[in-house]
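I opened a new page for this structure.

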Amino acid sequence: MYRYFHPIAFNAVRFVISSVAMLAILNVRGEKAGIHREDVRGIIWLAFIGNTVYPFLFVLGLDRTKAGNAALLMALTPVFAFLIGVAMKKEHFSAGVLMGIILSITGAAAIVLFGRTELSFVDSGVGDLLMIAAAICWAWQSAESTRLLPKYGPIRLTVYAMVTGTAIMVPLSVPWLAAQNWRAIPAIGWLGLAYSALLSITYSYFVWAYAINTIGIAHTSVFNNVTPIVALFAGSLLLAEKPSFAQLAGVALVLVGVFMVRSRKPIAVPDE
């Protein structure tokens, strides 16, 4: 997509589309809109970190590092999410859960390291740091959202955070939106933008919030490391790429790690 869009312009447009789609879904569902006064600050802060800062860091980091680096560094998200959840007293610490998350990260690393995806930590320091910061922001917003999910539910809270975050993001993106050559974008570029806005953002954000609300931070975030497995088998089916033995071993480690986390009951700390 970055062949056709500047990362920031791409990000702003897809979040606007996603915001409109989410508001339409909220309207179709007939859910009441409205935020309690005492929660306004918390939702603005959640929106700013999760839907303004995180997207900026992610797209700029992805533009300044290699795909393999990005996949590997974003695999750290479950560890950050679990530890932040523990620090916020939203989950109890469990060595078994942490071990399962680490196993899943090891498996994801094997899939990336022994694949064809470009990987190098030379001359990509800024991009790598941006990706780590993005992983921390996503982990923080996942943990922080648990404070408001019981009151507003995954649909309403996701819509509120998305619309608020987008309202902050768009004015900051105006210089890049104005400089973007919109007429030069081919149909495949617009199709990719629509896919990113409606599936990667709208659908995925709803699913993520629902899962966080239902099964907790650690149980949800560990599934982040199943993404390389999907990419691996998609490459096998669509591009006839043959997974190496090391990659298949990585798949096994990811699945074992996910099983270790999922086999333990959710350990969220109830609100007082």
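**Entry 1: helix 6 against helix 8**

I began with the contact in which Trp138, Gln141 and Ser142 of helix 6 meet Tyr205, Trp208 and Ile212 of helix 8. The model I am reading is a predicted one. I then looked up the geometry of the pair. Helix 6 and helix 8 pack at an angle of about 55°, and their axes are 10 Å apart. That angle makes helix 6 oblique to helix 8.

**Entry 2: helix 4 against helix 6**

Next I turned to helix 4, which covers residues 77–87. Helix 4 packs on helix 6 at an angle of about 45°, with the axes 8 Å apart. The two helices are therefore oblique to each other. I logged their crossing as right-handed.

Which residues of helix 4 meet helix 6? I found Thr77, Phe80, Ala81, Ile84 and Gly85 on the helix 4 side. On the helix 6 side I listed Ile132, Ala135, Ile136, Trp138, Ala139, Trp140 and Ala143. The residues of this contact divide into 10 nonpolar, 2 polar and no charged.

**Entry 3: helix 3 against helix 6**

I went on to helix 3, residues 67–74. Its angle with helix 6 is about 30°, and the axes lie 9 Å apart. Angles under 35 degrees count as roughly parallel, so helix 3 and helix 6 are roughly parallel to each other. Their crossing is right-handed. From helix 3, the contact takes in Asn69, Ala70, Leu73 and Met74. From helix 6, Asp128, Met131, Ile132, Ala134 and Ala135 take part. I sorted this contact by class and got 7 nonpolar, 1 polar and 1 charged residues.

Then I searched for cavities. How many cavities of 30 Å³ or more are there? I counted 1. About 160 Å³ of space lies in this largest cavity.

I wrote down the residues that line the largest cavity: Leu46, Asn51, Trp138, Gln141, Ser145, Leu149, Leu157, Thr158, Ala161, Tyr205, Trp208 and Ala209. By class, the lining has 8 nonpolar, 4 polar and no charged residues.

Which helices each supply at least two residues of the lining? My list reads helix 2 (40–64), helix 6 (125–144), helix 7 (149–179) and helix 8 (187–215). The largest share, 4 residues, comes from helix 7.

**Entry 4: going back over the pages**

I checked some names against my earlier entries. Trp138 and Gln141 of helix 6 meet residues of helix 8, and both also line the largest cavity. Tyr205 and Trp208 are on the helix 8 side of that contact, and they too are lining residues. Trp138 turns up in the contact with helix 4 as well.

Note on methods
Residues are numbered from 1 along each chain as its sequence is written. This is a predicted model: local features need pLDDT of at least 70, side-chain atom pairs count only at pLDDT 80 or more; totals for chains, interfaces and linings use all residues. Side-chain values use heavy atoms; hydrogens and water are left out. On a 1 Å grid over the protein atoms alone, a cavity is a set of points where a 1.4 Å probe fits but cannot get out, and a pocket is an open set with protein on both sides within 12 Å along at least five of seven lines; lining residues have an atom within 4 Å of a point. Grid points are joined across faces, edges and corners, and a volume is the space filled by probe spheres set on the points. Ala, Val, Leu, Ile, Met, Phe, Trp, Tyr, Cys and Pro count as nonpolar, Asp, Glu, Lys and Arg as charged, and the others, Gly among them, as polar. Axes are lines fitted to C-alpha atoms, for helices over the stretch in contact, and angles run from 0 to 180 degrees between N-to-C directions. Angles under 35 degrees count as roughly parallel, over 145 as roughly antiparallel, 65 to 115 as roughly perpendicular and the rest as oblique. A crossing is left-handed if the near helix is turned anticlockwise from the far one by less than a right angle, and right-handed if clockwise. Contact means heavy atoms within 4.5 Å.
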